[in-house]
Amino acid sequence: METFLIGFAEKQKDSTCGCFIQNAVVEHAGENEQVLQRSDALFDTLQTAIVQTIKSAQNQAQISSKQDAKSLGQFVICQMQGMRVLGKAKRYTEIDTATQILIQYLKSA
């Protein structure tokens with residue numbers, strides 16, 4: 001999980017153009033049912049993958065098992081979306097700091 005999060009954070013420094021779905025959600029999800037449905041499908045798929053990764057990391061004692069994997073997955077997705085926004089704003093120090101704190105949290109939560 002740690003390697004994935006660090007890689008994801010680094011990717012935000014390489015590409016500031018953003019995700020089409022993320023941009024559409026921010027601009028239109030409140031008024032466009034099709035955008036909302038597609039973003040739901042994307043986030044559900046992402047959440048499934050993240051939760052499976054968290055469960056695996058918990059089973060290998062790489063991160064804490066104190067918290068429910070699904071709840072941690074939702075938290076990680078929120079943090080990842082924040083990283084995307086900060087990447088667009090070229091706020092790389094904040095991304096690095098947030099990534100390290102997220103990793104520390106996952107290990108101790």
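(pLDDT is the predictor's confidence in each residue, from 0 to 100.) What you have open is a predicted model, where local features need pLDDT of at least 70, side-chain atom pairs count only at pLDDT 80 or more, and totals for chains, interfaces and linings use all residues. Residues are numbered from 1 along each chain as its sequence is written, and side-chain values use heavy atoms, with hydrogens and water left out.

Stop 1: Select helix 5 (residues 92-108), where confidence is highest, at 95. Then jump to helix 2, where confidence is lowest, at a mean of 74. Helices here are DSSP runs (H or I, at least four residues), numbered from the N terminus.

**Stop 2: A24.** Stay in helix 2, which covers residues 20-28, and pick A24. Is A24 buried or exposed? It's buried, with a relative accessible area of 12%.

**Stop 3: a helix pair.** Show helix 1 (residues 2-14) together with helix 4 (residues 69-88). Two packed helices are described by the angle between their axes and the distance between the axes. For this pair the angle is about 25° and the axes are 8 Å apart. (Axes are lines fitted to C-alpha atoms, for helices over the stretch in contact, and angles run from 0 to 180 degrees between N-to-C directions.) Helix 1 and helix 4 are therefore roughly parallel, a label for angles under 35 degrees.

Which residues meet here? From helix 1 come F4, L5, F8, A9 and Q12, and from helix 4 come V76, M80, M83, R84 and G87. Contact means heavy atoms within 4.5 Å. By class, the contact has seven nonpolar, two polar and one charged residues. (Ala, Val, Leu, Ile, Met, Phe, Trp, Tyr, Cys and Pro count as nonpolar, Asp, Glu, Lys and Arg as charged, and the others, Gly among them, as polar.)

**Stop 4: two loops.** Most residues other than glycine have a negative phi. Select A61, in the loop between helix 3 (33-59) and helix 4: its phi is positive, near 60°. A61 is exposed, with a relative accessible area of 66%.

Finish at K90, in the loop between helix 4 and helix 5. K90 has a positive phi near 60°, and at 55% relative accessibility it counts as exposed.

Notes
Parallel < 35°, antiparallel > 145°, perpendicular 65-115°, else oblique. Buried < 20%, exposed > 50% of the residue type's maximum accessible area, 1.4 Å probe, protein only.
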